[in-house]
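Here's a quick briefing to read with the model open beside you. Let's start with a question, then go topic by topic.

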Amino acid sequence: MEFSAKQIAEYIQGIIVGDENATVHTFAKIEEGVPGALSFLSNPKYTHYIYDTKSSIVLVNKDFEPEHELQTTLIKVDNAYESLAKLMALYEMSISKKQGVSPLASIAESAKIGKNVYIGPFTCIEDGAEIGDNVCIHPQATIGSNVKIGMNTIIYPHVTIYQDCRIGNNCILHAGAVIGADGFGFAPGADGYEKIPQIGIVELEDNVEIGANTCIDRATMGHTLIKQGVKLDNLIQVAHNVEIGKHTVMASQVGIAGSAKIGEWCMFGGQVGVAGHIKVGDHVNVGAQSGIPGNTKSNTTLMGYPAIDPKQFARSAAIYKKLPDMYVELGRLQKEIEELKKQLNK
């Protein structure tokens with residue numbers, strides 16, 4: 001499909017600078033622009049690319065003022081990145097969706113399947129499962145007994161949802177995600193570790209997205225709860241009875257230990273570790289590879305292990321690099337002190 005600058009500007013409420021009849025039919029990064037492509041500029045580090053890009057249209061923030069002549073048409077908006085997301089969502093909606101149930105799928109007679117559903121080959125849907133309208137389940141997914149999946153949710157290949165778990169509306173579960181595996185619960189005894197049955201569930205509220213190969217463990221009792229709008233990247237581990245607040249986002253390889261409670265609108269960088277049975281407040285930002293061993297107040301930014309104020313962490317890191325030289329200097333000073341003591345004793 002092809003769209004003009006005028007059509008795009010009307011949809012995202014932007015201001016055109018250049019040719020309103022310029023047309024695009026695809027997307028491209030600004031540094032890889034080609035004729036007929038739409039690009040965007042929101043990070044100042046990429047500004048120099050706009051003067052040479054071959055893209056026909058570029059979305060920019062309203063405060064952008066070019067320093068040189070441009071060969072492309074601009075559409076100025078309040079937030080270029082957000083406007084791009086709207087356009088890409090519109091483009092995705094224009095792509096025809098798969099429908100129908102593959103004869104190679106295994107669906108229990110007691111399962112309830114909604115309208116306009118796609119179920120791919122070799123998918124297994126067990127007894128008592130309920131699948132909402134417009135759900136898309138790709139091949140080789142496993143939906144356990146009594147699982148409930150809301151409307152418009154997408155389940156990609158090889159996703160496994162264990163028995164009794166709940167998935168909300170408009171969720172996306174990427175390939176290999178595991179929802180509801182047993183929590184890591186064992187009681188030490190004289191002869192080893194005895195498994196503690198994990199009889200709870202996992203519940204994902206609406207508009208949650210789970211990355212590929214991410215694992216969310218079922219609760220020992222009650223539920224592991226992922227609240228509305230949460231976005232989890234690939235390869236994340238969420239342990240039993242964890243609660244993640246609304247609209248929190250986490251990058252790859254974050255690990256959250258059992259019964260931790262994470263607040264709303266938090267942002268965790270990659271490989272952050274969170275100790276069990278602690279509470280993290282709302283609007284907490286944590287830098288990559290940081291560790292949170294205890295309760296954390298709302299509206300804070302942290303980095304390091306244990307996680308501290310980023311400025312303190314930066315100063316500490318600068319000192320850490322000097323420790324070998326400081327160690328040598330300390331040894332030299334100790335020798336001088338010992339020699340001075342001997343002289344004083346004489």
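Is His277 buried or exposed? This is a predicted model, and in it His277 is exposed, with a relative accessible area of 67%. That counts as exposed because the cut-off is over 50%. Below are some other spots worth a click, beginning with the one that carries an annotation.

**The annotated histidine**

- UniProt, in an unreviewed entry, lists His240 under "active site".
- You'll find His240 in the loop that runs between β29 (237–238) and β30 (243–244).
- His240 has a relative accessible area of 15%, so it falls in the buried class, which means under 20%.
- For a polar partner, look at Gln198: its side chain and that of His240 make a polar contact at 3.0 Å.
- Setting aside neighbours within four places in sequence, His240 is in contact with Gly183, Phe184 and Gly185, with Gln198, with Asp217, Arg218, Ala219 and Thr220, and with Thr224, Gly258 and Ser259.

- As background, most residues other than glycine have a negative phi, and most peptide bonds are trans.
- Ser259, one of the contacts of His240, has a positive phi of about 65° despite not being a glycine.
- Ser259 belongs to the loop between β32 (255–256) and β33 (261–262).
- His277 also has a positive phi, near 60°, and is likewise a residue other than glycine.
- The loop holding His277 is the one between β35 (273–274) and β36 (279–280).
- Going from Tyr305 to Pro306, the peptide bond is cis, with omega near -10°.
- Pro306 itself lies in the loop that links β39 (301–302) and α3 (310–345).

**Two buried loop residues**

- Thr214 is buried, at a relative accessible area of 0%, and lies in the loop between β25 (209–210) and β26 (215–217).
- A polar atom in the Thr214 side chain lies 2.6 Å from the backbone oxygen of Asp233.
- Not counting residues up to four places away in sequence, Thr214 touches Ala177 and Val178, plus Asp233, Asn234, Leu235 and Ile236.
- Cys165 is buried too, with a relative accessible area of 0%; its loop is the one between β18 (160–161) and β19 (166–167).
- With residues up to four places away left out, Cys165 touches Asn146, Val147, Lys148, Ile179, Gly180, Ile201, Val202 and Arg218.
- Arg218 turns up in the contact list of Cys165 and in that of His240.

**The largest pocket**

- Rolling a probe the size of a water molecule over the atoms shows where empty space is left.
- The largest pocket comes out at a volume of about 830 Å³.
- Its lining is made up of 24 residues, and those nearest the centre are Glu92, Lys97, Ile154, Tyr156 and Ile172.
- Helix α2 (residues 80–94) supplies the largest share of that lining, at 3 residues.
- By residue class, the lining of the largest pocket splits into 10 nonpolar, 9 polar and 5 charged.

Notes. Residues are numbered from 1 along each chain as its sequence is written. This is a predicted model: local features need pLDDT of at least 70, side-chain atom pairs count only at pLDDT 80 or more; totals for chains, interfaces and linings use all residues. Side-chain values use heavy atoms; hydrogens and water are left out. UniProt positions are given in the numbering used here, feature names are shortened, and annotations may be inferred rather than shown by experiment. Helices (H or I, at least four residues) and strands (E, at least two) are DSSP runs, numbered from the N terminus. Buried means under 20% relative accessible area, exposed over 50%, partly exposed in between (1.4 Å probe, protein chains only). Contact means heavy atoms within 4.5 Å. A polar contact is a pair of N or O atoms within 3.5 Å; within protein, one must be able to donate a hydrogen and the other to accept it, and residues adjacent in sequence count only if both atoms are side-chain atoms. On a 1 Å grid over the protein atoms alone, a cavity is a set of points where a 1.4 Å probe fits but cannot get out, and a pocket is an open set with protein on both sides within 12 Å along at least five of seven lines; lining residues have an atom within 4 Å of a point. Grid points are joined across faces, edges and corners, and a volume is the space filled by probe spheres set on the points. Ala, Val, Leu, Ile, Met, Phe, Trp, Tyr, Cys and Pro count as nonpolar, Asp, Glu, Lys and Arg as charged, and the others, Gly among them, as polar.
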